[in-house]
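Me: I have a structure on screen and would like to learn how to read it. Please take me through the features step by step.

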Amino acid sequence: MAVNKTYISIGYASFGMIIGFSAFLVWNIAYKQPWTAAMGGLSGVLALWALITHIMYLQDYWRTWLKGLKFFLIMGVFFFLLAMFAFISFLSIAIANKESLTNPQSLYLSCVWSFMSMKWSFLLAHYAHRYRKEFADISILSDF
């Protein structure tokens, strides 16, 4: 019996959510680095939204609520641009300050978590677009 791709995506999004929230806690409590914690927390939230997208797809909620998919698509694009701006900013500041790559409080780790946030926001927009495209044909038929 083959495994459905959606179940693999649910597992991946769950793992990303746990890692993102744990990064938020570790860099807030242990390292006192708020920028890395913020980007790790954003990554966890975006992974949670991707997880919600998949679960709602499996429960067939998107069929009646295509505006919600449009909202998730817009949020994915917005947070992608925000994370890209943060990535470039953190990288520029870390290079200008000549920070160490091995220091857990350096802004290079903020760059890493900004990239992870970019990844999850891209995946959120991708999944929302894919599910919206799948249900768009059904929506046209139900308008008559």
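Predicted model: local features only at pLDDT ≥ 70, side-chain atom pairs only at ≥ 80, totals over all residues.

Reply: Residues are numbered from 1 along each chain as its sequence is written, and side-chain values use heavy atoms, with hydrogens and water left out.

Me: How many helices and strands are in the protein chain?

Reply: Helices (H or I, at least four residues) and strands (E, at least two) are DSSP runs, numbered from the N terminus. The protein chain has four helices and zero strands, so the pattern along the sequence is α-α-α-α. Its C-alpha trace spans about 60 × 30 × 25 Å along the principal axes.

Me: What share of the residues in the protein chain is buried?

Reply: Buried means under 20% relative accessible area, exposed means over 50%, and partly exposed is in between (1.4 Å probe, protein chains only). Of the 144 residues in the protein chain, 39% are buried.

Me: Which residues have the most contacts inside the largest nonpolar core?

Reply: In soluble globular proteins, nonpolar side chains tend to be buried together. A nonpolar core is a set of buried Ala, Val, Leu, Ile, Met, Phe, Trp, Tyr and Cys residues joined through side-chain atoms within 4.5 Å. The largest one here has 36 residues, and those with the most contacts inside it are Met 39, Leu 46, Trp 62, Leu 69, Phe 90, Trp 120 and Tyr 131. Two or more residues each come from helix 1 (5-29), helix 2 (34-58), helix 3 (66-96) and helix 4 (108-142). Helix 4 gives the largest share, eleven residues.

Me: With what is Leu 46 in contact, leaving aside its neighbours within four places in sequence?

Reply: Contact means heavy atoms within 4.5 Å. On that basis Leu 46 meets Phe 79, Ser 117, Trp 120, Ser 121 and Leu 124. For the protein chain, 75% of the contacts with a separation of 6 or more are between residues 24 or more positions apart.

Me: How far apart are the end C-alpha atoms of helix 3?

Reply: The expected span of a helix is 1.5 Å times one less than its number of residues. Helix 3 has 31 residues and should therefore span 45 Å; its end C-alpha atoms are 45 Å apart, which agrees.

Me: Which residues of helix 3 are buried?

Reply: An α-helix has 3.6 residues a turn, so residues three or four places apart point the same way. The buried residues of helix 3 include Leu 69, Phe 72, Met 75, Gly 76, Phe 79, Ala 83, Ala 86, Phe 90 and Ala 94. Leu 73, also placed in helix 3, is partly exposed at 25% relative accessibility. Leu 73 touches Ala 125, Ala 128 and His 129, not counting residues up to four places away in sequence.

Me: Where does Lys 32 lie, and is Lys 32 buried or exposed?

Reply: Lys 32 lies in the loop between helix 1 and helix 2. Its relative accessibility is 62%, so Lys 32 counts as exposed. Its phi is near 50 degrees, a positive value in a residue other than glycine.

Me: What is the phi of Asp 60?

Reply: Asp 60 has a positive phi of about 65 degrees although it is not a glycine. Asp 60 belongs to the loop between helix 2 and helix 3 and is partly exposed, with a relative accessible area of 33%.
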